[in-house]
Each structure stands twice: as C-alpha cells, then as structure tokens.
Amino acid sequence: MDFDDLLFNMNVLLRDFPDVLFKYQKKFRYILVDEFQDTNYAQYLITKKLAADNENICVVGDDAQSIYAFRGANIQNILNLKHDYPELRVFKLEQNYRSTQNIVNAANSVIEKNKNQIQKDVWTSNTSGEKIAILKASTDSEEGFLVADAIFKAKMNDHIKNSDVAILYRTNAQSRTMEEALRKQNIPYRIYGGLSFYQRKEIKDLLAYFRLTINHRDEEALNRIINYPARGIGKTSLERLQVKAGEHNINIWEVINDQNLCKEAGLHSGAVNKIANFATMIKSFSTKVGSLSAYELAKHIAGSTGILRELHEDRTPEGLSRYQNIEELLNAIKDFSEKQIEMTAAENEGEVGDLVTLDLFMQDVALLTDADTDDDNNKDKVQMMTIHSAKGLEFPYVFIVGMEENLFPAMQSLHSRDDLEEERRLFYVAVTRAEKRLTLSHSESRYRWGNLTFCEPSRFIDDIDPSFIIQQASHARAPQYPHAPTSGMGIKKQYKPRPGISKPTLKTNLPQQKQEGPQPEPSPVEEITPGCIVQHQRFGKGEVIAMEGAGPNRKATVEFASVGRKQLLLKFARLTIIS
C-alpha cells in the first residue's frame, strides 16, 4: 500500500468498525495537527472522527500558504473549521520576524486580493528596508543576464555570499536561462531539490538522439536510447550486440546495420527487424542534418521518436514538468539559432548567413555540460528552486523570475477563481521568502515551441501597492559576442563542423553597391511589406518578395537586380523604401 491507500483504508476502518473508532478516540484525548492548510479531505475526515468524542483539537496553519491543491490539499479544511467547531478559538500570530516592513506590507497588499481567506494583519518591527525592485527585459535570455548581473553587483557592492541569494521560478523548465547566465558570470549555483537543466533525464535522452544522429559511433548515446521510448529491444538483445561487436572489434552501430551479424548474435527475426527499423530511423535523421535548421530537425526528432507523445500522455505534475523541459530545450535551440543568425547579419549588413545546423548547437551544449559538474565541497552557491520547493525556507536576497501572464499565474489557473487564488497564494509564499531585498523580473518576449511570443507582465505585479515598488533600469543589453558565443567558463567557442555540414560564414566577396554621398534614413521595419521596392546600401535596389518572423527576428526576402535573391534580418539591413 502507498500513502494514499493508508489514508483510504484508515477512513474505511474508522467508518465500518465502531469499536476501533471508540478505542482510538479514548486513546488520543488531545489531537494536534501542524500545517493544517495542506491536509486533504481524507486526512480531514480522520482527524474529525478521532476528535469527535473529546473535541480537544488544536490545528496550526496559515491559509495564505495553502499551495498544494495539485497534491490534493483542500484549503476549505482550515477555512471551514469554525463550522465544525462553533466554540473554536482562533489565535492569530501576526508578527513577522523575517522580512523588512516593505516586503511584509507588499505581501499583505497581494494576499488581500483573495476572497477566500482568514483575515490577518501581518506586521513586523524590523526596519523599512529597500523597496521591491522590478526588472524588465526584452527576452528571457536578457532577463537571465539582468538577474546574474544584479547578483554580481550585490556581491561586489554589499559583499554578500552566493548562498545569501535565491532565484525562484514557477516551473522547473525556467532554470535553463538562469543557469546559462550565472555560468557566464562564473557564479556557482545549486538546483535545490532537483537537477541542473542539462542533467535531467528527458533532456539527456533527447540530446542522445541528437548525438547519435550526428555521430553514429557514439555508443554511449546508442545504448541510452536504443529502447527509449520502448520499442521491444531488451537488455539481453543489446548485450548480445555488444558481445558481437567486441568479437569483431567493430562499433556496435556496424553490427546493428548488418542483419547477418545480428542473427549471429542470437537475435530472433522480430528483434532483428526492430533493430533495423531503429537504425533506419537514425539514418533518416542524419540525412536531414545539412538541409534542416537546428530547430526544425530537433523538433522532427522529438516528434518522430515518440518522446513528445510519451511525455504528453503523462498527465501527472512530474510528467508535465518533463514535457515543459523538452519544450524549453527546443526553445534553447531556436534561441541559439537566432543569435547565430543575428551575429552574422550584424557583421554582414543584414544578410542572413548559411543554415544554422544541429551539430553547431551540440558543440555549444557540449561545453555547457562539461562545465555542469557540481562541487559538493563548495557550499557557497546561489540557490535555485521552484517556489513550491522554497516553502519553509528564507534567504536575505530573493529574485522571483518569469513574472508574466500565462507563466505566473500559470495558464491553466486562469479558468477559475479558486485556481487563480492558489496562484496568488503561491506568489505570497515567494515574496515572504525574502529577508532584506526582493527583486521581481519579467520578459517582454520568450520562445514557446520555437515561436517568439510577446508577454504581458503578471497581474501579481499590479497587485502590489505601488508605494512599495521601485522600477529599475531595464533593457540593459547582454554583451554581444561578435565571433562566437562564450561558454559558462568564458571561453570563446571555435566551431569545427563535420565534413559535409556547412557552418555560417561571412561572405566578403559580394558585389559592392554602396552609393556615394550621404545615405537615406532607413525606413521603419513595420512599414516594409511584400511588393515594396527598397534600397540597400550594399546590394542596391530590390523588391521585397516575402516576409517572415516577428518582432526583432523579422526577416525579408528581397530580389535584388544585381546580386539576386537575399534574406535579410531587418533590424540590421537598414532598408529604405523607395516605392
């Protein structure tokens, strides 16, 4: 029996066997329940039955911190206790010993928006402290940079320890951008109650498919994914293939591509066919490495292998988290690709370079994962965790990131008042983790399944009384790396693509069409549409054939009279509409 079974059967026992109920009512004359706001209906019934004889019951809890409805917790247990016990006496412990007055008052101004609650007036005798800072970024990558930069400045100016800082987020998938930003600042961090993004099973599984697609001789990757998702290739079959490869002193990939060797290994015809189908699938992926973009191929692999379907069908909170992690990995690939295109366009007057392929991203990830080792001896690390994991903890400096509609509050919580109030309680818990300084951050755009979506600031920011908030400088652009992005260790990465796979290059031998004298001002990007006749400083006059993308990633395909068709990133192309 698991814990749920124990609760269910205990209810049945007390319901159907009065003598047992009578025995325990006499045995437990006084009942104390802690964290009562987190109890579920079964626990409530057990407690009520045991206390029915003597009615000597004391419960401790804070309805404003009831945040586990997804695990079955029912806030009505604590809200309706007065109906079960009309003579109930309530003692409100309203003094906060942790946070500054500004943080306490801000938290009060948030939670008062909830209708279902026990009214309290929390106060503190601590100093007023700093106002709550709001950081606004243009992208989620820039948000990570702003947070990491704020931590670095606090370390330099206030001489704080890394362990004084916590970064809280609504979902596990949000850790990626924060991890990458902290690495670039060489700030050590720890994922509390979980794994670093690239160490999570579902991420390592999909990366293994990418590795095997690019390099068929990667035996570690092959062993990891040959039967994931399950395709009927068991451990015994794999061991026989490994033995046969050892006997012939060849790579296991060569064995699975030779049906005669598979049969010599003792595999039956069904297993041989399954292995052949697996090999065919991997080879089909490999043929697309040079023709599809990194994001397109990654999404194709995630869908064709069945990984997305398997994770999507798991409707548990853990399954949803794993599915979100895969989405975030695909977003990371799209973000990486766009940055590569942007760097090429910035150096080449808007012209988009060659295809950004999956092997380039994998070289980037290889450096990230090489640096992704946890030094257990170093306890001085920034703490990163979901808000649910932060309950009961406290930190001098707290950053709550991703403060955007459909992220926090979560999209699935917007359909009912009860769900939205739970999200607000979750925000209240996050705010009250901070002792000295609290910073909220949000992004104006972020990728979702490879599409750049524009985000609205969370309604919870508006819930805070403006007198407790200070808007900090926004859009402090992350540094651009003109030749190659840097790894978390600050090392420039030099890409060396495999033979036959192109890399983005800068074309320096194109015809020069620059006009003499002063150049006209570029036209606003939003005014450029298909059919426009435009002037480019280098390529001369051309007609806009097609447009794609949105916001800062908007691109135009232009047919130039002198150099033919070119795709240009508009924010760098400086096109002037002439007709």
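Among contacts (heavy atoms within 4.5 Å) in the protein chain between residues at least 6 apart in sequence, 73% join residues at least 24 apart. The model is predicted: local features need pLDDT of at least 70, side-chain atom pairs count only at pLDDT 80 or more, and totals for chains, interfaces and linings use all residues. Residues are numbered from 1 along each chain as its sequence is written, and side-chain values use heavy atoms, with hydrogens and water left out.

**Overall make-up**

- The protein chain holds 22 helices and 16 strands; these are DSSP runs numbered from the N terminus, with helices being H or I of at least four residues and strands E of at least two.
- Of the 579 residues in the protein chain, 49% are buried, where buried means under 20% relative accessible area, exposed over 50% and partly exposed in between, with a 1.4 Å probe and protein chains only.

**The parallel sheet**

- An open sheet is formed by seven strands in the order β5-β6-β4-β7-β8-β3-β11, with parallel pairing; two strands pair if DSSP finds at least two bridges between them.
- β5 (189–191) and β11 (469–471) are at the edges and have a single partner strand each, so one side of each is left without a neighbour in the sheet.
- From one strand to the next, the twist averages 25°.
- Four bridges join strand β4 (residues 165–169) to strand β6 (residues 382–386) in the parallel sense, and Ala166 stands opposite Gln383 in β6.
- Helix α7 (residues 140–158) lies across β3 (132–137), β4, β6, β7 (395–400) and β8 (434–443), and runs at about 155° to β8. Axes are lines fitted to C-alpha atoms, for helices over the stretch in contact, and angles run from 0 to 180 degrees between N-to-C directions.

**A hairpin**

- Strands β14 (residues 555–560) and β15 (residues 564–569) pair in the antiparallel sense over six bridges.
- Three residues lie between β14 and β15 in this hairpin, and Ala556 has Leu568 in β15 as its bridge partner.

**Helices α6 and α20**

- Helix α6 (residues 101–111) and helix α20 (residues 417–431) have axes that come within 10 Å and cross at roughly 175°.
- That makes α6 roughly antiparallel to α20, a label for angles over 145 degrees, while those under 35 count as roughly parallel, 65 to 115 as roughly perpendicular and the rest as oblique.
- On the α6 side, Ile103, Ala107, Val110 and Ile111 meet Arg424, Arg425, Phe427, Tyr428 and Val431 in α20.
- The residues of this contact divide into seven nonpolar, no polar and two charged. Ala, Val, Leu, Ile, Met, Phe, Trp, Tyr, Cys and Pro count as nonpolar, Asp, Glu, Lys and Arg as charged, and the others, Gly among them, as polar.

**Nonpolar cores**

- The largest nonpolar core has 59 residues, and those with the most contacts inside it are Tyr198, Phe210, Phe278, Leu329, Ile333 and Leu358. Such a core is a set of buried Ala, Val, Leu, Ile, Met, Phe, Trp, Tyr and Cys residues joined through side-chain atoms within 4.5 Å.
- Leaving aside neighbours within four places in sequence, Leu329 is in contact with residues including Phe197, Tyr198, Phe210 and Phe361.
- Another core, of 38 residues, lies apart from the largest one; Ala64, Ile67, Val122 and Ala390 are among its members.

**Two buried loop residues**

- Ala410, in the loop between β7 and α20, is buried, with a relative accessible area of 6%.
- Not counting residues up to four places away in sequence, Ala410 touches Arg170 and Glu423.
- Ser293, in the loop between α14 (269–286) and α15 (294–304), counts as buried at 17% relative accessibility.
- Ser293 touches Leu355 and Val356, residues up to four places away in sequence not being counted.
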